[in-house]
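Student: Could we go through this structure together? I would like to start with the strands.

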Amino acid sequence: MKNTSEVTIDLMINADLPEIMAIERESFPSPWTVGMFTGELNSSHSVCLVARINVKGKSVIGAYIIFWFVADEVHLHNLAVKKEYKKQGIAFQLMEVMREIAGKNEITAQTLEVRKSNIEAIKLYQKCGFVVKGIRPLYYTDTHEDALIMWADIKQ
Ligand SMILES: CC(C)(COP(=O)(O)OP(=O)(O)OC[C@H]1O[C@@H](n2cnc3c(N)ncnc32)[C@H](O)[C@@H]1OP(=O)(O)O)[C@@H](O)C(=O)NCCC(=O)NCCS
């Protein structure tokens, strides 16, 4: 789909799920199950992408992103980067690809929810043009944490 010297952004397939589950479990206090990922792969309104990294001739999954098309909006549902590949611009690259795909599908706005304490993610989203437009109090049942609701326009 999209290629730089080291990272290829590609559609997620079922065979990617073991590597994705390892990243998911190290990334979130309440990780998604395999069944949730399979559901996304089988859903017509969900786009599931992976960032494949070439390591000594072997392709490994460094990150993934899942988003939904809902009317004229794109909703970010999941994004995580494997610990050893963080801070190399991979999440930013995935967010850019989401914006590009949304723009080509006449989507006008992007939205997401993020834990109030997730400073690195909030900074990433701000770098991508998102701003906080609301709060869902106690949205996360595992930590009883608030969610920030962020939005960004897509300029056609
Ligand atoms: C949040 C996350 C996706 C960022 O991935 P990443 O590939 O490391 O991010 P990038 O390298 O693309 O960074 C892009 C921007 O994000 C921000 N950022 C990323 N990591 C950061 C950190 N540790 N501290 C502060 N800002 C950070 C910065 O603004 C950065 O831009 P800069 O490099 O110009 O400063 C990653 O830390 C992660 O997987 N976290 C766990 C899962 C998660 O929280 N997902 C989001 C759920 S809403």
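Tutor: Let us begin with β4 and β5, which pair in the antiparallel sense over eight bridges. Two strands pair if DSSP finds at least two bridges between them. Helices (H or I, at least four residues) and strands (E, at least two) are DSSP runs, numbered from the N terminus. This is a predicted model, in which local features need pLDDT of at least 70 and side-chain atom pairs count only at pLDDT 80 or more, while totals for chains, interfaces and linings use all residues. Residues are numbered from 1 along each chain as its sequence is written.

Student: Which residue in β5 does Ala63 stand opposite?

Tutor: Ala63 stands opposite Val81.

Student: And how many residues lie between β4 and β5 in the hairpin?

Tutor: There are two residues between them, and Ala71 in the turn has a positive phi of about 50°.

Student: What about β3 and β4, how many bridges there?

Tutor: β3 and β4 pair in the antiparallel sense over ten bridges.

Student: New topic: which residues touch the most other members of the largest nonpolar core?

Tutor: They are Leu49, Ala63, Tyr64, Ile65, Ile90, Leu94 and Met98, out of 37 residues in that core. Such a core is a set of buried Ala, Val, Leu, Ile, Met, Phe, Trp, Tyr and Cys residues joined through C-beta atoms within 7 Å. A residue is buried if 20 or more other C-beta atoms lie within 10 Å of its own, exposed if 12 or fewer, and partly exposed in between, with C-beta atoms placed from the backbone. Elements that give two or more residues to this core include β3 (46-55), β4 (58-70) and α3.

Student: What does Tyr64 touch?

Tutor: Leaving aside residues up to four places away in sequence, Tyr64 touches Met12, Ile20, Leu49, Val50 and Ala80. Contact requires C-beta atoms, placed from the backbone, within 7 Å.

Student: Now the ligand. Which residues come nearest?

Tutor: Of the 18 residues around the ligand, Lys86, Ala91, Phe92, Glu120 and Leu124 come nearest. A residue counts as near if its C-beta atom, placed from the backbone, lies within 6 Å of the molecule.

Student: Which element gives the largest share of that shell?

Tutor: That is α4, with five residues.

Student: Lastly, why does Gly89 count as partly exposed?

Tutor: Gly89 is partly exposed because 13 other C-beta atoms lie within 10 Å. Gly89 is found in the loop between β5 and α3.

Methods:
Contact = placed C-beta atoms within 7 Å.
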